[in-house]
Structure formats: C-alpha cells, structure tokens
Amino acid sequence: MVPEGWHVKSVGDICTFINGHGFKSQDWSDSGLPIIRIQNLNGSESFNFYDGAIKKQWLVNPGDILFAWAGTKGVSFGAKLWKGPKGVLNQHIFRVEPKLKVDHTWLYFAMLSVTKRVEEKAHGFKSTLVHVQKSDVTEQVVLVPPLDEQKKIAQVIYTWDEAVRTCERLLSNSRQQKRGLLQQLLNGKRRFNSESGRGFPAWKEEKVGNFLRLHKEYVPASTKLPILTSSRDGLYEQERSVINEGKYGVIPFGYFTYRHMSDDLIFKFNLNREWERGAISKEYPVFSASGVDKDFLEAQLNHGDAFKRFAIQQKQGGTRTRLYFRNLCEFRFAVPCLEEQEKIATALSVANQEVEVVKKKVECIKHERNALMQQLLTGKRRVGSGDFQCEKVGEV
C-alpha cells in the first residue's frame, strides 16, 4: 500500500548514474587527483593519482553518493557516501546524482535499502563478491515521499547514524585499551602481587612444547558430535550440509585447535570452552595443555608473533604458510608462575567482557536504526506521527 502523497518510482526515475573511467596503469602518476577505486570504498587510504586531462563526469567531491556495482557484500558493494578527498572515479563505480525534487541525503539512505535488495539477487563470482548490471539497480522500485518529508526522514536517520558512530568510537577505544593492556600484561611490563602482597618471581623462558600434547582421536563423518570449525572469530558449529566425507578429529572441552595453513601468517588459536566433545576437520591440529593456565596460553599464542618464524612457506597455487604442531612446540616464550598467569587471565577476561558489552550496544543500536530506516523509507512510520519517538536514540 502506497502512503498518501507518496509515489512509486524506479531508481532510474529519481537519480542519474554516471560510470567511472577505466584508468590504466600507464595513466597513473605521483601527483594530481587521487583515483577512487573499490579498495578506497573499503577504507583504504592508499591512492594512485592522475594528472592528465579531466572530464567533468569523472570528478568526485566529498559527500557525493557512489555505488560500486562490483565488490564485496556488506563491505565495498553498493551505496557509499564518499568522505575522502576530491578525486576522479575509477571503473566499476557509479556516481549517483539526485534529480529534481529528490533530497541528496534521503537518496543515499534509499540507496542503502536498494543495496540490500540487489545483493540478495546478485550473482557472485565468489561467495561474497557480486557483480551486477546498471539495470539491476535502476529498475529497482522505491517509494518516494514529498521533498519536505524526504528531508525530515533523512534528518531522523542521520541522527541515528550519529548515535551509531558515537558507539563505534567507544568500541574502538575499548579495543585499543584492551590491546594496550594485553601488551603490558603478556610482556611482563605490568606485574601483579601475590595474595600476601609480595611480588611474584621472575618469569622463566620455557619451550611451549613442554606444556602441550597432541590429541589424536577420530570419528566418522556420520558422528553425532557437533561439527566445529576454527576461525579468526573463534570456534563455532557448522551446518551439517557443509560436512565433508571421511574421518574427523575430536576436540574435547578444554582442548585447543588452530588452522595450520595461512595466506598472511596469521594463525588463530581457539580454546574449546563450550562443547563437551566436538568433531573438527583433520586439517586442524588438536592439543591439550597442562602446567599452564589455558586462558593465559591462548592469549599468549594469539598475541605473540615470534613463533611465526617456525612456520614453513609452501607454494600451492600461491605462497601459503604452514605451521606444523611439531614446529609450534619449538617456540620458546617467557612464562610467569601459575598464580600470576591466573591473575593475568582474569584481568584479560574482564577487559574482554567490557569490550563485549560495548559491542552489544553497537549491535543493538544498529538493529534499531536499520529497522527504523526500513519503516521510514516505506512509510510504515511517518515523521511527526504520534507513534514516532526519536528519543529512543538516547536510550540505547
């Protein structure tokens, strides 16, 4: 149902799409205007430059609406409000200009909504990469309110966006404080006292293999155990539909695992804190630890990078790095006494909890903002109506 006074329009009816230019490497220069590419929509501040003759349609100014028609879902694909410097637009990106009686800021929020619809239908050449034609965007249908109402809607959504940005800054600060604390605690720059008030003894250098034992236990793919995978975001359960055939390793509660192959020398170690027993690909080494606080060990392995020199580079369609368990065991690191390890682990746990609290606030306000934006852009909630309460922003 179309709200009173609103009109059904296609995206092509309310704005113009101007494609970027296909700049080649021979066009690049050390000076001139920056060339705005997909990676810059991802947040990269690394630019190539162009100092040749410039056509008006290539120019991008701060505040312009851009639409990347080839990119990564949820990251670089779709509508972006350009906040970088004045530059020239590369190919695979449109500059979006509103037509008469269309508010610029309202159009940007409307294009964010359109982006989600396009992503759902877009064909991907990789799981997260999408590539669409101009008509896939311009033929999308939107509900267009009168110009005055567009401006009011844009102002409300912008207010919520400011609240989101404020929370994201708080989250960034919390994470930065956590990293600083992590650095001090795990390098021994910040020490604790014992319960008696005395200082703990000096840290001793140990070989990590002294604390670890490889666990080799296997189950068939038909196992009733939850199928787990280890990622940079933690240990989580997979859908049964993606299970491979063959045997799986077993990771009991309190045991560690990690993906031993990496493209960028980042190896994430995860401790099973949730499942009594889980099944995991045989590609992931599983090991137990004794004589060391497990939370301290997990933090130490994920924080340090000295152990990476034990990794072995292999070429498999490109350069990849493998960290065998036996090589990991050769790594030597400074270890405090068990009581101080526990105090360090407790302090890091508190810091993690503080970050998670702020993270949940950010997720909550984003969810509220997205729901409200959808309602406002479809006319299900009208600006100035009795059921609209903008003060919710301050409550989150």
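Asn-327 sits in helix 7, residues 325–328; helices here are DSSP runs of H or I with at least four residues, strands are E runs of at least two, and both are numbered from the N terminus. This is a predicted model, where local features need pLDDT of at least 70, side-chain atom pairs count only at pLDDT 80 or more, and totals for chains, interfaces and linings use all residues. Residues are numbered from 1 along each chain as its sequence is written, and side-chain values use heavy atoms, with hydrogens and water left out.

Is Asn-327 buried or exposed? Asn-327 counts as buried because its relative accessibility is 16%; buried means under 20% relative accessible area, exposed over 50%, and partly exposed in between, with a 1.4 Å probe and protein chains only. Setting aside neighbours within four places in sequence, Asn-327 contacts Phe-310 and Ile-312, contact being heavy atoms within 4.5 Å.

Next, Val-141, which is in strand 12, residues 141–144. At 45% relative accessibility, Val-141 counts as partly exposed.

Now the cores, meaning sets of buried Ala, Val, Leu, Ile, Met, Phe, Trp, Tyr and Cys residues joined through side-chain atoms within 4.5 Å. The largest has 45 residues, and Phe-17, Phe-67, Trp-106, Leu-107, Met-111 and Val-137 touch the most other members. Helix 5 gives the most to this core, nine residues. Not counting residues up to four places away in sequence, Met-111 touches Val-11, Phe-17, Phe-67, Ala-79 and Val-137. A second, separate core has 31 residues, including Phe-269, Phe-296, Phe-333 and Ile-344.
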